[in-house]
Amino acid sequence: MTESGETTTTIVDNTRHAALVALIAGIFAIATAYAAAFLPGGTPPWAPWLLALGIPIALGAIMILGAARGRMGIGPLKYPFAFVVAVLAIGFCAALAIPATEGPLSKLWLGLPARAAIVIYGIGLLPIIVLPVAYALTFEAQTLNAEDVERVRELGREYKTRSEGEQPS
């Protein structure tokens, strides 16, 4: 393997390794929060906060694992991914932090109570707008080019030849 090949492998491995660590941490936080609901004294106050942080971390890690490609890692998608994770974490935490004082005369934000507006418009709508635009802008750089497709085909032919040679006639 060439030096550039080793560097490429290291960068991708580091990106995927960090994403896997984040995914495991996020899943652990989510599982701990759900398990805490079964404690004898009821759900502790810290459990929803674990969900508010674990869910965005897990989702961000899954996005990174899906987008990591070649020596670029996730390339320019790191900014929209960071934005989405931050919006989710801030939105969930804000919805938890707002005091539960809503009533029939509460002020509405675009027709919804404050917590619902944060969840619907912040957590639900912003990522739906940002991610497709980010993918569209980086489509050419992040998708397979003709060289990559031919390399995959060649690897497939090599695999087929090897597997046919190993099977008894």
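## Salt bridges

Arg-157 pairs with Glu-154 in a salt bridge whose closest N and O atoms are 3.1 Å apart. This is a predicted model. Both Arg-157 and Glu-154 belong to helix α6, which covers residues 146-166. They are 3 residues apart, about one turn of the helix. Glu-150 also takes part, its side chain meeting that of Arg-157 in a salt bridge with an N to O distance of 2.7 Å. Shared partners join Glu-150, Glu-154 and Arg-157 into one network. In the whole structure, the search finds 2 salt bridges.

How accessible are the members of this network? Arg-157 has 41% relative accessibility, so it counts as partly exposed. Glu-150, at 39%, is also partly exposed. For Glu-154 the relative accessible area is 35%, which means that Glu-154 is partly exposed. The cut-offs behind these labels are under 20% for buried and over 50% for exposed, with partly exposed in between.

## Helix α3

Helix α3 runs over residues 78-97 and has 20 residues. At 1.5 Å a residue, helix α3 should span 28 Å.

Which residues of α3 are buried? They are Pro-80, Phe-81, Val-84, Val-87, Leu-88, Ala-89, Gly-91, Cys-93 and Ala-95.

## Aromatic pair

The structure holds 1 aromatic pair. The ring centres of Phe-81 and Tyr-135 lie 6.1 Å apart, and the ring planes meet at 65°. Planes over 60 degrees apart count as edge-to-face, so the pair of Phe-81 and Tyr-135 is edge-to-face. This pair links distant parts of the chain, with Phe-81 in helix α3 and Tyr-135 in helix α4, 54 residues apart.

Tyr-135 has a relative accessible area of 37%, so Tyr-135 is partly exposed.

Conventions: Residues are numbered from 1 along each chain as its sequence is written. This is a predicted model: local features need pLDDT of at least 70, side-chain atom pairs count only at pLDDT 80 or more; totals for chains, interfaces and linings use all residues. Side-chain values use heavy atoms; hydrogens and water are left out. A salt bridge is a side-chain nitrogen of Lys or Arg within 4 Å of a carboxyl oxygen of Asp or Glu. Buried means under 20% relative accessible area, exposed over 50%, partly exposed in between (1.4 Å probe, protein chains only). Helices (H or I, at least four residues) and strands (E, at least two) are DSSP runs, numbered from the N terminus. The expected span of a helix is 1.5 Å times one less than its number of residues. Rings of Phe, Tyr and Trp (its six-membered ring) pair if their centres lie within 6.5 Å; planes under 30 degrees apart count as stacked, over 60 as edge-to-face and the rest as tilted.
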